[in-house]
Amino acid sequence: MKLDALDDRQREAAAHGDEPLLIVAGAGTGKTTTLAHRVAHLIDRGVRPERILLVTFARRAAAELLRRVDGLLNGGARGRAASGRVWGGTFHAVATRLLRLHGEHIGLHPGFTIHDRADSEDLLDVLRAELDLARGDRRFPRKATCADIYSRCVNAREPLGTLLDRGFPWCKEHEDGLKLLFRTYTDRKAEQNVLDFDDLLVFLDGLLADPAAGPIVRGRFDAVLVDEYQDTNALQADLLERLRPSGRGLTVVGDDAQAIYSFRAATVRNILDFPLRYPGARSVVLTQSFRSTPTLLEATNRVIAQARERHAKELWSARPGGERPELVTCRDEEQQSELVIERVLARREQGMDLRRQAVLFRASHHSAQLEIELGRRGIPFRKYGGLRFLEAAHVRDLLAFLRLLENPRDLVAGTRVLSLLPGIGPHIARALLDPVVAHGGFAPWRAARPPAAAAPRWPALVAMCEELSAPHGPALPVQVHRVRDFYAPLCEARYDHADARLRDLEQLEHAAAAFTDRSTMLAELTLDPPQSTQELAGPPSLDDDYLVLSTIHSAKGLEFDATYVIHAADGNIPSDLATGRPEEIDEELRLFYVALSRARDHLTVLFPLRWYDRPAGVGGKHSYAQLTRFLPPAVRAAFDERAAAPEALRAEALPTVESGVSAEIRKRMHDLWS
Ligand SMILES: Nc1ncnc2c1ncn2[C@@H]1O[C@H](COP(=O)(O)OP(=O)(O)OP(=O)(O)O)[C@@H](O)[C@H]1O
């Protein structure tokens, strides 16, 4: 296979032999391109595709990479057949598959169901009450905090005491209670044959450490390639070492400058320490950006140079000059939206499709005002990030039915389902579920006596559960349809906008046809949730044109001809929620860098001087903002700075001097004399 399309360093990485390989690839330097070539090269060299494991951050990324591999293998049926056999997916998806195949070696029942983060929180909440931990005058941590502590301990491989000292000192006094809670949580999951996200990795670790099963699983693969290595955590790095103890056949690719997931216990140390973990590892550093113009790189290089610890690498580009990035100060959010829309439309007039342009922001709610304005003017857009499809209550309800059918012992799913019926609360639900858990099926419900309010619907529920949980039940879309029919009146009774919600579920019914079985559908949706019903409906048609709105986290790995980074104010980026420790500020800086490095040709950073506290404009409470600290004068020198409407701005901007504290002081001084 030819590697002509690559530059020298990319080619060196793609054609590298079996020694451990670290590719440190700056933004836009062709990391994805190189990885795709490496996979294709391995296949071409005779490695069997099913012996290649490709771990990516999201299912979409794996699919996109394998599509490129296809193309490189000359497309056609042979290429597709080959790339289709490669093991691709996220750590969690790969763990699920391996555990279903080999978990029995370590006593795991292959029919386990998976709890996502919200389910884990629910179970912890139930146990917290059951164990009576919330008693006493000092408040026991909330369910979300408990889940956070638990997950961080597991993923960062840190003992509870140390983690509490470092990250949750206010919970230290509850250390014993937390230990009891987590022990009970672990037992309860075992009784229910449930694994949570963290368990998937922990059980895979156990499987690989098992003297009998470990060699079998390791022996499945000749090559393991990992994308976005900068966002892996300690447990994931250890898992990789268990898969490839000497590092032979292991390739990791990443950019420490784009590490943005420490809140999931990811550690940028993994990439920095790779050469120490695998002595003799080859490191290839890619610095030629094929994406951004030199003028944009000048600015982004200056931004990331402010990071405290990183692989020093200055990106360069062979592309001709280009337009300097702009930093635009706006009066307020309205003006910011107007300006973005004006530019977007002007560029579309010049032939740049809407979807080659993106508006990026730190937090999902930062785009609220812009969304209203786009809606008002009828400009199509798609938003990525923020509330995910699976977080919507009605979607969770429907999936709870499917999960219960899959695993009648899943108490969290069962409680959710039964609580939908009138007259049933958590205690009655538990009493009804206990015999089902003990029996492992729904037969005990035939003779059960639900409360009077639930009685009219009870026979239909029991009949549905028995039929759909039987071994050779109807096809998956039919099952979803049956559940949706049963659920529709409950949804109408419970939620506003039931029509729209039921339409979402119709999408889910259509999407069900694409999965081989219920267990795969549940695992895939849980592990890599779609962001919206549109995404569930499959890739958009080429005729669709829409502006992309995205949180910075969801824009990772993407590129656009023009990007608009809005709300570049301190408090937004770095986020108020993260301004504690220097490491957190560094992570916010890297996020800002990820945002700025998505643009190929045009970059506009916008900063509204004044913004309203939510909800937009209601109540009229606004605050004055400071430009983000990540754009000090030395960095701003690489930008063209301008004010959106200088006249209006000057008049409006003046009060900033006299706002807040100084205005208060003046008023007090004034009042002194009245
Ligand atoms: N050797 C090359 N010659 C020409 N174009 C290239 C080459 N390598 C990559 N590109 C192009 O450069 C752009 C960035 O490449 P790619 O998407 O692989 O970057 P990346 O390193 O994964 O980016 P990021 O880390 O920022 O997500 C793409 O448009 C890609 O087609």
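**Notebook: a predicted chain, entry by entry**

Entry 1. I began with T520, which is found in helix α23 (residues 518-527); helices (H or I, at least four residues) and strands (E, at least two) are DSSP runs, numbered from the N terminus. At 25% relative accessibility, T520 counts as partly exposed, because buried means under 20% relative accessible area, exposed over 50%, and partly exposed in between (1.4 Å probe, protein chains only). I then looked up the C-alpha atoms of T520 and R97, which are separated by 9.4 Å although the two residues are 423 residues apart along the chain.

**Entry 2. Basis of the entries.** I note that this is a predicted model, in which local features need pLDDT of at least 70 and side-chain atom pairs count only at pLDDT 80 or more, while totals for chains, interfaces and linings use all residues. Residues are numbered from 1 along each chain as its sequence is written, and side-chain values use heavy atoms, with hydrogens and water left out.

**Entry 3. The chain as a whole.** I found 28 helices and 16 strands in the protein chain. Of its 674 residues, buried ones make up 52%. Among the contacts in the chain with a separation of 6 or more, residues 24 or more positions apart account for 77%; contact means heavy atoms within 4.5 Å.

**Entry 4. The annotated binding site.** I consulted UniProt, whose unreviewed entry places the feature "binding site" at A25, G26, A27, G28, T29, G30, K31 and T32. UniProt positions are given in the numbering used here, feature names are shortened, and annotations may be inferred rather than shown by experiment.

I looked at two of these residues. A25 has its place in strand β1 and is buried, with a relative accessible area of 0%. Leaving out residues up to four places away in sequence, A25 touches K31, G254, D255, Q258, L286 and K313. G26 lies in the loop between β1 and α2 (31-44). With a relative accessible area of 3%, G26 is buried. Under that sequence limit of four places, G26 touches D255, Q258, L286, K313 and L315.

**Entry 5. Helix α13.** Which residues of α13 are buried? In this helix (residues 269-277), I found N270, I271, L272 and F274 to be buried. Their cover includes β1 (21-25), α12 (234-243) and β7 (250-254).

**Entry 6. α18 against α19.** I took up helix α18 (residues 411-419) and helix α19 (residues 426-439), whose axes come within 10 Å and cross at roughly 135 degrees. Axes are lines fitted to C-alpha atoms, for helices over the stretch in contact, and angles run from 0 to 180 degrees between N-to-C directions. The helices α18 and α19 are therefore oblique to each other, as angles under 35 degrees count as roughly parallel, over 145 as roughly antiparallel, 65 to 115 as roughly perpendicular and the rest as oblique. The crossing of α18 and α19 is right-handed; a crossing is left-handed if the near helix is turned anticlockwise from the far one by less than a right angle, and right-handed if clockwise.

On the α18 side, the contact is made by L411, G414, T415 and L418, and on the α19 side by A429, R430, L432, L433 and V437. These contact residues divide into six nonpolar, two polar and one charged. Ala, Val, Leu, Ile, Met, Phe, Trp, Tyr, Cys and Pro count as nonpolar, Asp, Glu, Lys and Arg as charged, and the others, Gly among them, as polar.

**Entry 7. α7 against α8.** I next examined α7 and helix α8 (residues 160-167), which pack at an angle of about 120 degrees with their axes 10 Å apart. That makes α7 oblique to α8. Their crossing is right-handed. I149, R152 and C153 in α7 meet L160, L163 and L164 in α8. The residues of this contact divide into five nonpolar, no polar and one charged.

**Entry 8. Backbone exceptions.** Most residues other than glycine have a negative phi, and most peptide bonds are trans. I recorded D132, a residue other than glycine with a positive phi near 60 degrees. D132 lies in the loop between α6 (117-130) and α7 (143-156) and, at 39% relative accessibility, counts as partly exposed.

E228 also has a positive phi, near 50 degrees. Its place is in the loop between β6 (223-226) and α12. Is E228 buried or exposed? E228 is buried, with a relative accessible area of 9%.

P574 has its place in the loop between β13 (560-565) and α25 (582-596).
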